[in-house]
Amino acid sequence: MLFGLFVFPGILGAVAMAQSSTATASGNSAMSFMKVHDSAGTDVSSYSIVLDDGGLLHPIKTGYALFNGAIFEGWLLIIDFVLWLPGYVMGFSWLNYIATPLRAMGKSFAGQLNTPIILMTATTIGAFFVAWFALRGYHAKMAMQIVVMLGAAVLGTLILADPLADVLSPDGWIAQGRDVAIEFDAGLMGNSDPQPTKLVATMQEEMADGLGSDTVQVWNFGHTLSGACKAGWEAGEQSGDDGQVKAAIQACGDVAAYKSIQNPSAGKIGTGLLFLIAAIPQLIFSGMFSVRIIWSVLDSIYHALIAVVCLTFGVYIYGPTQTATVRNLVHSGFAVGRMVAEVVFLGGYEILETSLLRQAQGQVSAVAILSGIFTMVAILQSSKLSRGLNSGSDWISNRVALAIQNGAAKTNGSGGGGGGGTAVGMGSVGASRHGVGVLATLAAASAFDNSPVTEWAFNRRTPLRRFSKQEKATSISQYGVWGAPGIGGPNGFYVQSMMNRELFSNAARRGAGRDGIDTVEGASRAIRSAVDVGAGAPDLHGALIGAGFRDGKVIHAAIRSWGIVTDDAKGYQVTDAHLKFVAAAMNRVVNSTNRRTRSATKAEAGLASHENVAADLATLEAAAHGFRRAHQGGVTLDNGRKGNQLKWVNAYMKDQNEDRLRVLGALASGDDLERYAVKKQGVWVPAKRTAGSPTPVHNEQQLMADMRNDGIDQNAAKRMWTWIGNEHAKRVRVSVTDLMADPTNAERMRRARDEVSKAQSTDQWAAPMNMPSPWALLAPPGPVSSATRDYPDWMSDVADTLHRPRPGWRPWTRRGWRQ
């Protein structure tokens, strides 16, 4: 838009000003050949805008004057073309340059084709169709074929003598059509005795007065001039002397006009831009219709030349060649008719423009705006005129060809009777007239594009597509992967690599339970289940979505809490991974609840939102569940009865005494037991302490002696060692479950924290011993109990499932496992 308003006119103005620098009094030499004059005889190309250039002392005025001058020269070039081009085209003087050589070429071309051998060949083929129609009983077609051949023989001799005479001669179709159009335009102007040449010149002069002279005066002086001022201005423009124009305006007494000359301003630039914008549609319209008129003339000549071939050979042969003859003759004549209509339209537009300017009475700016609007409307309407003329030409050609091919008889719906049908050789004309020609073309292009033959020819599929080469390269590269053995297919490696998504989702769904979807607690359980089957942090969001979770806040809070606890657990010096995770989760709960409950303001408390605290609690519950699941019991002390073993471990769990754990670990490991106790007269007593020896303290020696006297041996000690680990897991699980039942109970929070802390202490005390931690030792088997007798009955179903497929099992399909 900025280019059209400023840059383009500036370029035109610069060119025009450069040409003006070598011009004489007649005006701009670049445009003087157009010889467009107004009613006073002033050459339009000699118009100028006269302004005070200010000089060195007034640079702003100089800038205004230069910018006005550049825009003016660009506008003048456009207006000169607008005034000259339609008149030049409608005058048809340009046709004289091509008429003589084209007529000579047409005669030579016809002479080369119109030979006896070609005529005999064409008539022989035409006679075959006459005989064929006679044998088949198509008498009307036979008669029409004979009439066409005889008519072609008679008319062809006359036409082929000078094929383009009827088109290009001074009294030919084009000249007569031009005269008819001009006479019609003269009637619109009220001229009852028109002369085409004078009429065109008159229209040019009146347009030059309105679009040229009046516009320049309003631009230069702010209004149109009259009387002595106008005469002085015309004399000055004809002389090409700006000083004479200034002197004439000053002498005639038009103070406002002279003041406008002396004071160039931004307002004049705005006026110039208005006239420039209004002139651009006029240039488009004049150029478009001038080209259409020339095109129509050349179209008529072209079809006349093609008709030469048709009249020497094609017209004698039934079918498409006769249709081609009819089409070219009709199009040649119709091109002249289209030229007439376009000349009438262009002349009528100029008459309307002239009348509008004549009635303006000095209101040039308003008329310029209206003129631009009228021009745009005329451009839009002219497209309808062009489509209508083309459709009419095709319709007449089709009707004449149908009459010839059907023997002037009415046909059924498919043959073109009363209302439709397409002649042989007309192609898709009928479809085009009804607006589906474009669709037919697109359908043909689509069929070509998708044809296997096209694929073989271009070595790629759908070559008309924009990215067909890239699609080919992509297909080849993908085929290299998917075509490899074992990669593709419903059970290929690629499908196998994605099966973990189903595994994670199913595990998360089972972990959440039916009532756990979109709850924080259910999300943590789902994450625990997914992690159990191998899901990592990047897999958790997809697993929850696949399990049915849709609450974004719940999903985010649960995954965030799990990720933080997992990261925090790496810093805990605990031997058991499950206990390490529980400790980190407990610490996270303590921190988040303290932040929420001990903040001075709600804003600070908001840092630990209720969603995040709830997620931390749920993570703790899942961690405690995992801890207990890994150490869920199975160690029976005292053969299921209350005895010394159970009494001893309960005492440890009650007072959490490090000495007890150290002594138990020593007995379980068999580590130099003589240092602790010795057996004398059937009773275990504390070992005698030797000076300087690493003998345990007296309390540990007494504890060892008591344990040995209670009948606890190394095997029982190992089982008691594992039992302590399991008991810690149980108590942590129970305390956390109680906390989850009522998170508002601070005492339950303290109890859960205490149980986790005790388990950590046990792990810490056990670390220096020559024993695995209570959570890493597989307890040796104890005495055979009565429950062993029922063992085969309980394990029989397990054995069946282990060795045989379960009933109802089916192979895996793309939809998953068949249940």
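A salt bridge is counted here when a side-chain nitrogen of Lys or Arg lies within 4 Å of a carboxyl oxygen of Asp or Glu. By this criterion the structure holds 13 salt bridges. The model is predicted, so local features need pLDDT of at least 70 and side-chain atom pairs count only at pLDDT 80 or more, while totals for chains, interfaces and linings use all residues. Residues are numbered from 1 along each chain as its sequence is written, and side-chain values use heavy atoms, with hydrogens and water left out.

The secondary structure comes to 31 helices and 2 strands, where helices (H or I, at least four residues) and strands (E, at least two) are DSSP runs numbered from the N terminus. Of the 819 residues in the protein, 41% are buried; buried means under 20% relative accessible area, exposed over 50%, and partly exposed in between (1.4 Å probe, protein chains only). The accessible surface is about 43,000 Å², and carbon and sulfur atoms hold 59% of this area. Such areas come from the Shrake-Rupley method with a 1.4 Å probe, and for residues only the protein chains shown count as cover. Among contacts (heavy atoms within 4.5 Å) with a separation of 6 or more, 70% are between residues 24 or more positions apart.

Two helix pairs illustrate the packing. Helix H10 (residues 242-252) packs against helix H11 (residues 255-262) at an angle of about 145 degrees, with the axes 8 Å apart. Axes are lines fitted to C-alpha atoms, for helices over the stretch in contact, and angles run from 0 to 180 degrees between N-to-C directions. The contact involves Lys246, Ile249 and Gln250 of H10 with Ala257, Tyr258 and Ile261 of H11. Helix H23 (residues 577-597) and helix H30 (residues 746-766) also pack at about 145 degrees, with their axes 10 Å apart. Residues in that contact include Met586 and Val589 of H23 and Val756 and Ala759 of H30.

Helix H20 (residues 520-532) carries Arg525 and Glu521, which are 4 residues apart and therefore separated by about one helical turn. These two form a salt bridge with the closest N and O atoms 3.6 Å apart. Arg525 is partly exposed at 31% relative accessibility, and Glu521 is partly exposed at 33%. Asp532 and Arg528 form another salt bridge, at 3.2 Å from N to O; they too are 4 residues apart in H20, so about one helical turn separates them. Here Asp532 is partly exposed at 36%, whereas Arg528 is buried at 13%. Elsewhere, salt bridges with shared partners join Glu658, Asp659, Arg662 and Glu700 into one network.

Glu455 pairs with Arg461 in a salt bridge whose closest N and O atoms are 3.7 Å apart. Glu455 is partly exposed at 33% relative accessibility, and Arg461 is exposed at 61%. Thr462 lies in the loop between helix H17 (452-458) and helix H18 (468-482). Its phi is near 40 degrees, a positive value in a residue other than glycine, and Thr462 counts as buried because its relative accessibility is 12%.

Helix H14 (residues 364-405) gives the largest share of the patch, 6 residues. Leu370, in helix H14, is partly exposed at 38% relative accessibility.
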